[in-house]
Amino acid sequence: MVDYLPQENEKAQGVRDTGFYQSRKWIKVRDEIKLRDEMTCQFCGAPITGRYVVDHKTEITVDNMHDWDIAYNPANLWLLCQKCHNSKTHGTISTPNTTLW
Ligand SMILES: [Zn+2]
């Protein structure tokens with residue numbers, strides 16, 4: 001039995017694995033967005049009572065997570081309900097800033 005590491009192993013590491021979402025800096029910004037967006041989904045307009053996501057409009061990656069404009073810029077962040085976030089992740093919402101809303 002041989003331990004096998006996929007060649008793309010390094011790329012497989014996601015932002016979540018870096019502890020970004022546990023950082024105090026992120027949590028502070030995230031809380032500010034929750035207040036700014038008044039716990040209302042910025043896509044469907046529903047008040048958020050269950051799970052929510054403070055989403056990066058321009059997707060955050062391990063390559064750009066140290067770029068303030070991407071990671072912490074309020075203009076790149078919006079509050080979504082879990083349902084809308086799933087739709088975005090699955091490509092139903094193609095790009096932010098479209099005329100859909
Ligand atoms: Zn929503």
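The briefing below describes the chain as a whole and then turns to selected parts.

The structure is a predicted model. The chain has four helices and two strands, and from the N terminus on these elements run α-α-β-α-β-α. Of its 101 residues, 16% count as buried.

**Confidence and overall contacts**

- The average pLDDT of the chain is 86, and 78% of the residues score at least 70.
- Over residues 97-101 the pLDDT is below 50, and this stretch has two contacts in the model beyond near neighbours in sequence.
- Among the elements of the chain, helix H3 (residues 68-71) has the highest mean pLDDT, 98, whereas helix H1 (residues 9-12) has the lowest, 55.
- Among contacts in the chain with a separation of 6 or more, 64% are between residues 24 or more positions apart.

**The nonpolar core**

- In soluble globular proteins, nonpolar side chains tend to be buried together.
- The largest nonpolar core in this chain has 10 residues: Cys41, Phe43, Ile48, Tyr52, Leu77, Trp78, Leu79, Leu80, Cys81 and Cys84.
- Strand S2 (residues 77-81) gives the most to this core, with five residues.
- Leu79 belongs to the core; leaving aside neighbours within four places in sequence, Leu79 is in contact with Ile33, Lys34, Asp37, Thr40, Cys41, Gln42, Tyr52 and Val54.

- Trp78 is found in strand S2 and counts as buried because 20 C-beta neighbours lie inside 10 Å.
- Leaving aside neighbours within four places in sequence, Trp78 is in contact with Asp37, Gln42, Asp55 and Lys57.
- One of these contacts, Gln42, is 36 residues from Trp78 in sequence, and the two C-alpha atoms are 6.4 Å apart in space.
- Val53 is found in strand S1 (residues 52-56) and counts as partly exposed, with 19 C-beta neighbours inside 10 Å.
- The C-alpha atoms of Val53 and Trp78 are separated by 8.3 Å, although the two residues are 25 residues apart along the chain.
- Leaving aside neighbours within four places in sequence, Val53 is in contact with Leu80, Gln82 and His85.

- The number of buried residues in H2 is zero, so the helix lies largely in the open.
- An α-helix has 3.6 residues a turn, so residues three or four places apart point the same way.
- H2 is followed by Glu38, whose phi is positive, near 50 degrees.
- Most residues other than glycine have a negative phi.
- Glu38 has a positive phi and is a residue other than glycine; Met39 likewise has a positive phi, of about 50 degrees, although it is not a glycine.
- Glu38 is placed in the loop between H2 and S1, and Met39 lies in the loop between H2 and S1 as well.
- Glu38 is exposed, with 10 other C-beta atoms within 10 Å.
- Met39 is exposed, with 12 other C-beta atoms within 10 Å.

Methods: Residues are numbered from 1 along each chain as its sequence is written. This is a predicted model: local features need pLDDT of at least 70, side-chain atom pairs count only at pLDDT 80 or more; totals for chains, interfaces and linings use all residues. A nonpolar core is a set of buried Ala, Val, Leu, Ile, Met, Phe, Trp, Tyr and Cys residues joined through C-beta atoms within 7 Å. Two residues are in contact if their C-beta atoms, placed from the backbone, lie within 7 Å. pLDDT is the predictor's confidence in each residue, from 0 to 100.
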